[in-house]
Amino acid sequence: MSNLLTIEAGYREILAVAGLDSFDALMHAEVGEIVTQRNGRETRRVVLGDGENATTVYIKRCFSIGPKHAIWPRLRMRPCHTPPIKEAKAIAMCKAAGIPTVDVIASGESRVLGIPRSGFVVMSAAPMEWTLNDWLTIGYARPRELAPEERVGLMRAVGALVAKFENAGIYWPDMKAKHIHATKDSEGEWRPYVIDLERVRVANSPSKLRDLAFSNLGRAPWTIFSSLIPAALSHEEILAFWVAAFEAPADWAKQIDTWTRLTISRFGDDSNPQLHAAFEHPNRLPMTKSGVMRIDPRYIGLLREAGLSTYADVMASRAGASMGKPGLASYRERIRLRIGDGDNVETVYLKRFGRPPLREQFRRMWEFKFRRGSAEREMH
């Protein structure tokens, strides 16, 4: 077994003070707070130093990988790396293309007979807190309300960001609003900043957006618009985006107008639902993980008292009133429950999906995502 470790010279001292100057420490030390944790991976937020010299970094760790990363790339004559190392390389690729993103502070990988087994990457935090969702998506806590011209300028800056990826021949399937931070600089210009670049790669067959080809690169803008829902984008905002994304010459007015109208029909003002003023976007709910379940922490106590604190409990419970109806599929259950007591009683509804038939499974995979079950599809 061999361990590869790289630490940027400017960070060696501050990492050493925190006891993070070795592969084992950076890979396994219980430091900072866990931001995400799933399937043999975790991301930790760590504050190095204190006072005015404090620096926030993120450590992404992958403790084990499967054939997808360890073997299959080699069969296609490509290098094998753990996801953290792939992200470190993707960051370097984007920086070389002039795309603003985080700095890699340290990275490491453990290999057995040349096959990657585990790895990590330490990255700087984004220099601004707010994402496109915070600025534009309805139901998020806005930093502040933007004037119409500010929204237009922000969408223009995002379009220019898309053009940078396009011109460099880089495909980023995770080009979503939550991965694009933005703030204004001292001159009042919007500066977008990207994170979570693990799946960045060189496009197999780069083509210009202005070729109107729905290649890998051409799908990226639609990913951004979809991830902003509901955003109630105006004609001026969408037009500014496409003009910047196409880097359009003056004689491209007709083509730009076509793409703008297509976008408005899917993501413009009229295509958004009328939401109440206190609407809270589902992605902003403070969900926490409990076993294989995700739970709103405000309900953990009530669910525990009702005997619904684990997945097995939820699937086996016989409490509540059945809300069956004619035509309801045999693998589905709908139950009305009263949880809590005294003044803290609440009515909730439990929908359970047993073993959906193959026909339903194929429909779900066709309409949604392969790895998400019928219940998660409905939640989404």
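**Close-up 1. Strand 4 meets strand 6 in the antiparallel sense.** In this predicted model, strand 4 (residues 55–62) and strand 6 (residues 115–124) are joined by 6 bridges. One point to look for is Val57, whose bridge partner in strand 6 is Ser124. Helices (H or I, at least four residues) and strands (E, at least two) are DSSP runs, numbered from the N terminus, and two strands count as paired if DSSP finds at least two bridges between them. Contact here means heavy atoms within 4.5 Å.

**Close-up 2. Glu42 sits in strand 3 and counts as buried.** Its relative accessibility is 5%, where buried means under 20% relative accessible area, exposed over 50%, and partly exposed in between (1.4 Å probe, protein chains only). The side chain of Glu42 makes polar contacts with the side chains of Gln37 (3.4 Å) and Arg61 (2.8 Å). A polar contact is a pair of N or O atoms within 3.5 Å; within protein, one must be able to donate a hydrogen and the other to accept it, and residues adjacent in sequence count only if both atoms are side-chain atoms. Neighbours within four places in sequence aside, Glu42 is in contact with residues including Ile34, Thr36, Ile59 and Phe63.

**Close-up 3. Strand 8 and strand 9 form a hairpin.** Strand 8 (residues 180–184) and strand 9 (residues 190–194) run antiparallel over 5 bridges, and Ala182 has Pro192 as its bridge partner in strand 9. Between the two strands lie 5 residues, and Gly188 in the turn takes a positive phi of about 85°. Asp185 and Arg191 meet through their side chains in a salt bridge (2.7 Å, N to O), meaning a side-chain nitrogen of Lys or Arg within 4 Å of a carboxyl oxygen of Asp or Glu. Asp185 is partly exposed at 23%, and Arg191 is partly exposed at 42%. Elsewhere, salt bridges that share partners tie Glu30, Glu42, Arg44 and Arg61 into one network.

**Close-up 4. Helix 7 spans residues 148–168.** Its 21 residues reach 31 Å from first C-alpha to last, close to the 30 Å expected at 1.5 Å a residue; the expected span is 1.5 Å times one less than the number of residues. Just after helix 7, Gly169 has a positive phi of about 70°. Glu150 pairs with Arg144 in a salt bridge, with the closest N and O atoms 2.7 Å apart. Glu150 is buried at 14%, while Arg144 is partly exposed at 38%.

**Reading the views.** Residues are numbered from 1 along each chain as its sequence is written, and side-chain values use heavy atoms, with hydrogens and water left out. Since the model is predicted, local features need pLDDT of at least 70 and side-chain atom pairs count only at pLDDT 80 or more, while totals for chains, interfaces and linings use all residues.
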